[in-house]
Structure formats: structure tokens, C-alpha cells
Amino acid sequence: MTVRRCICLAALALAPAFAAQRLPHYATRVPRFMDVDERPKRVRVKVSAFSNLNVAERQIRLGGLVLCSTSACYQPETAPYIDLRTTSTLGPANIADFMMPPSTITHVYLTPIAGGAGLEGSLALETPFTFDKDFFGGEIMLVVAKRGNGYAPVQSATGLIGGPPSTSVYYIPNTATVARLPKDVVLTLPAGAMARPAVFNTLAHDTGNRFPMVDVYPYVDLAVPGTIDMRAIARPPKGLTAGAPPPTPAVAMVPAPAYPANRQGAPVDDNATSSKTTFIKTGVFHGYPVRPR
């Protein structure tokens with residue numbers, strides 16, 4: 001082995017972020033998301049970072065972000081500092097929200113920062129994620145851990161972005177997610193419910209019933225039951241407000257999952273103002289509190 005080769009190998013060993021500099025393709029700059037549907041030319045992509053301890057950390061330095069497929073790389077605009085999110089905090093992406101051509105992303109690169117002490121490194125997605133032209137877009141959740149004086153990505157999850165007014169919900173296995181959704185809905189996914197981080201697309205929708213209909217996608221089994229708490233939708237009395245939402249339907253017969261021995265169903269309690277559903281698989285939920293017999 002030559003002296004020059006030894007020096008090069010030593011330099012690599014002293015520079016763990018070196019891999020992030022060696023991009024497989026030239027990085028094409030892509031525009032930020034401007035709330036305009038540009039399909040099929042471009043799709044929306046969101047990238048966010050969460051602490052693996054699910055603790056908010058403020059003002060973390062960031063050099064830049066590059067997403068790569070097997071044939072191209074894309075570099076969106078990023079801020080010089082970000083706040084690491086917790087899974088109970090809903091809101092915009094904290095790294096980037098941008099548009100790029102439909103593509104299948106395989107790797108994420110967080111470019112090095114002079115002096116270190118920031119968020120940097122690279123990560124291969126466990127399953128390459130396709131940002132398809134027929135969908136609104138998708139997002140990548142990065143779980144990051146403390147590495148020396150800075151942070152590095154250690155896990156990832158991906159999910160689809162639904163059209164408005166859907167809400168993304170994020171999950172890390174070692175802590176519970178308590179997400180406050182629109183329509184006074186609270187979704188709780190406990191620690192240990194899943195073995196890996198996850199991104200859910202949720203929609204709390206007013207269907208005209210007393211309680212919202214809540215869709216939690218994708219539909220997956222849970223190792224520990226989750227819960228959905230809802231409050232009745234406030235509606236004006238009949239005939240008082242033109243154009244008001246449709247009134248709650250009359251008492252209906254519905255399945256009573258809390259009482260599996262009752263195969264005929266039980267009447268909905270029209271006086272109830274809240275509903276709590278416990279579930280072992282995500283899906284579509286209706287807030288039908290059942291009056292015990």
C-alpha cells in the first residue's frame with residue numbers, strides 16, 4: 001500500500017460526513033412549494049426531522065438537503081437553522097417543502113457544515129419511495145440522534161400527502177404520539193404500538209353526523225391499542241341559520257364494537273357530547289358512543 005493511499009484512508013476515517021459530499025449524481029435545484037398543483041410535471045415533497053427521544057430541540061444548524069434516486073439528485077432550498085419536532089407537534093415541514101419531478105427516492109443526504117455541530121449525514125431509505133405523478137405528493141420523516149456535538153439521521157419513514165384539509169401524523173416507537181386534529185379530534189398512538197417510525201395521513205371530516213368521521217391511513221395493525229377522542233360537532237338549531245351544516249340524523253342502529261355479544265347493534269346516544277374509540281388497527285372511525293343496555 002502506498003503512502004498516499006494510507007493518507008487518503010486516514011482522512012476518510014477522520015471525516016464521517018465525507019459520504020454526504022460524494023453525491024451519486026449532480027444535484028438539480030428545485031423550487032419550493034407554492035400551493036399550486038403542478039402535476040404531472042412536478043409533485044410536492046415534504047421532509048421533516050424529529051429527535052429520536054421525541055424531545056424538541058431548537059436552532060439546530062443545517063447545511064443543506066439532497067434527495068437522490070438511481071438516476072438523479074434534487075436539492076431544495078433550506079434554512080440555515082431548524083427546530084427538531086416532536087410527534088405531538090403538527091405543522092409545516094421543518095427542513096423543506098418543495099416541488100420535484102416524479103421520481104423514486106432511495107437516499108437522503110444532509111450536507112456537511114463547516115465546524116460541525118449541526119445535522120448532517122446520509123441515510124438509505126429502507127424501501128425506495130415513489131413520488132408518483134398521480135398523487136398530490138409525499139413526505140419523508142427523518143428520525144435523528146445525537147452524534148458527538150451534532151445530529152445524524154438514523155431512521156426514516158415515508159407517507160403520502162393527501163389533498164387539503166388532510167393532516168400528517170408522525171410516530172416514533174419509544175414514545176406516544178398525541179395528535180390534536182381538526183374538528184376537536186385527538187388521536188393517540190401509544191409507545192410500542194409499532195416497531196418502526198411511521199407517517200399517517202389523516203382526515204377529520206364532517207359528514208353531517210353528530211361526530212366527525214376520521215380516516216387514519218395507511219391501515220396497519222397495532223401491537224398496543226390506540227384511541228380516538230371526539231367531541232360532538234356544534235350545530236345551530238334547525239331553521240335558524242341559512243346554509244348551516246346538515247343536522248345530525250335521528251337515532252340510528254349501528255354496530256356496537258364495545259359489546260361484541262350484541263349482534264343487533266345498540267342505539268346511538270343522541271345526548272352524548274363526546275366519544276372515545278379504542279382500536280387495534282388504523283382505519284376509518286365514526287364517533288358513535290353506544291348506550292349500554
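A: Let's begin with a term: a disulfide is a pair of cysteine sulfur atoms within 2.5 Å. This is a predicted model, in which local features need pLDDT of at least 70 and side-chain atom pairs count only at pLDDT 80 or more, while totals for chains, interfaces and linings use all residues. Residues are numbered from 1 along each chain as its sequence is written, and side-chain values use heavy atoms, with hydrogens and water left out.

Q: OK, how many disulfides does the structure hold?
A: The structure holds one, and it is formed by C68 and C73, whose sulfur atoms lie 2.0 Å apart. The link of C68 and C73 is right-handed, with 110° about the S-S bond.

Q: Are C68 and C73 buried or exposed?
A: Both C68 and C73 are buried, where buried means under 20% relative accessible area, exposed means over 50%, and partly exposed is in between (1.4 Å probe, protein chains only).

Q: And why does Y26 count as exposed?
A: Y26 counts as exposed because its relative accessibility is 72%. Y26 sits in the loop between α2 (18-21) and β1 (27-29), where helices (H or I, at least four residues) and strands (E, at least two) are DSSP runs numbered from the N terminus. The C-alpha atoms of Y26 and C68 are 9.5 Å apart, although 42 residues separate the two along the chain.

Q: Switching topic, how many helices and strands does the protein have?
A: The protein has two helices and 22 strands, and of its 293 residues, 44% are buried.

Q: What about the largest nonpolar core, which residues have the most contacts inside it?
A: Those are I95 and L119, in a core of 29 residues; a nonpolar core is a set of buried Ala, Val, Leu, Ile, Met, Phe, Trp, Tyr and Cys residues joined through side-chain atoms within 4.5 Å. Among the elements that give two or more residues to this core are β2 (43-51), β8 (103-110) and β11 (137-147).

Q: Which residues is I95 in contact with, leaving aside neighbours within four places in sequence?
A: They include V47, L62, I82, L110, L119 and L142, with contact meaning heavy atoms within 4.5 Å. There is also a second, separate core of 21 residues, which includes L181, A198, F211 and L222.

Q: Last one: where is V284, and how exposed is V284?
A: V284 is in strand β22 (residues 284-286), and V284 is partly exposed, with a relative accessible area of 41%.
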